[in-house]
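Take a look at the structure first, and then follow the notes below.

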Amino acid sequence: MEKNQIKAVIFDLDGVLTDTAIYHYMGWKMLADKLNIPFDEALNEELKGIDRMTSLNKILARGNIDLSEDDKNLLCDEKNAYYVELIKKITEDDLLPGAKRALIELKNKGYKIGLASVSKNAFSVVESLNIANFFDYIVDARTINRGKPNPEIFIACAEAIGVKCHECIGVEDAVAGIEAIKRANMFAIGIGRRDILIKADIVLESLKDFDIDKLT
Ligand code: BG6
Ligand code: MG
């Protein structure tokens with residue numbers, strides 16, 4: 001990344017700004033248990049950042065289970081209803097450490113801020129967290145044809161903000177998300193573990209360690 005070229009930071013939501021990754025996990029684990037499909041940490045990592053139906057398909061493949069589209073839609077609805085119950089209690093206090101400070105700092109320093117989440121619940125979570133005003137653009141997951149690891153969502157966000165991809169930093173907790181950022185030709189910050197987010201340009205333990213001045 002060349003110094004001074006960064007104009008925007010595009011964040012993932014679940015697992016980056018707030019700990020909804022655990023609620024998605026609980027929802028999928030509930031379904032997997034019901035279907036008697038083993039659900040381990042590796043499968044959970046594979047599901048992070050992946051849209052709802054693709055996630056279900058991966059779980060069913062693990063259990064060698066073949067279902068009709070109607071049955072799969074019912075299971076997706078069931079997982080989502082469970083998830084929506086869990087996120088009802090989200091407030092500003094559920095922002096992860098460093099998230100609010102990072103958003104304030106970026107805004108004050110004149111960077112554009114985007115949100116690129118494949119979650120169809122993203123707008124509601126952002127409202128509950130009371131951070132909607134920080135974003136120059138929030139991608140509507142319903143408008144995206146190919147989910148992460150395809151770069152479409154990050155490219156669409158950069159275009160909507162009015163910046164070039166190489167002028168963006170993407171921030172992600174998921175392997176699929178880091179892959180999407182790199183394929184979009186952006187600088188990738190991983191939030192989590194270096195041994196998992198191996199394709200990230202840098203990995204931070206949390207947004208507490210995020211310092212835009214050290215990166216640009
Ligand atoms: C991503 C999560 O942000 O959104 C995934 O990392 C989740 O775990 C995906 O499956 C889709 O979310 P939703 O709310 O549309 O089911
Ligand atoms: Mg995520």
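**A loop residue, a cis bond and a ligand**

Asn64 sits in the loop between H3 and helix H4 (69–87), where helices (H or I, at least four residues) and strands (E, at least two) are DSSP runs numbered from the N terminus. This is a predicted model, in which local features need pLDDT of at least 70, side-chain atom pairs count only at pLDDT 80 or more, and totals for chains, interfaces and linings use all residues. Residues are numbered from 1 along each chain as its sequence is written, chains are lettered from A and ligands numbered from 1 in the order in which they are written, and side-chain values use heavy atoms, with hydrogens and water left out.

**Backbone notes**

- Asn64 has a positive phi, near 50 degrees, in a residue other than glycine.
- The peptide bond from Lys148 to Pro149 is cis, with omega near 15 degrees.
- Pro149 belongs to the loop between strand E3 (137–138) and helix H7 (152–161).
- For context, most residues other than glycine have a negative phi, and most peptide bonds are trans.

**Where ligand 1 sits**

- Domain 1 (8–18 + 91–214) and domain 2 (21–89) both give residues to the shell around ligand 1, so the ligand lies between them; the domain bounds come from an automatic or database domain assignment.
- Helix H1 (21–34) and helix H3 (52–62) each supply at least two residues of that shell.

**Contacts of ligand 1**

- Of the 14 residues around ligand 1, those that come nearest are Asp14, Arg52, Ser119, Lys120 and Asn121; a residue is near if one of its heavy atoms lies within 4 Å.
- An N or O atom in the side chain of Arg52 is 2.7 Å from an oxygen atom of ligand 1; a polar contact is a pair of N or O atoms within 3.5 Å.
- Taken alone, ligand 1 exposes 400 Å², of which the protein buries 97% (Shrake-Rupley method, 1.4 Å probe).

Methods:
A polar contact is a pair of N or O atoms within 3.5 Å; within protein, one must be able to donate a hydrogen and the other to accept it, and residues adjacent in sequence count only if both atoms are side-chain atoms.
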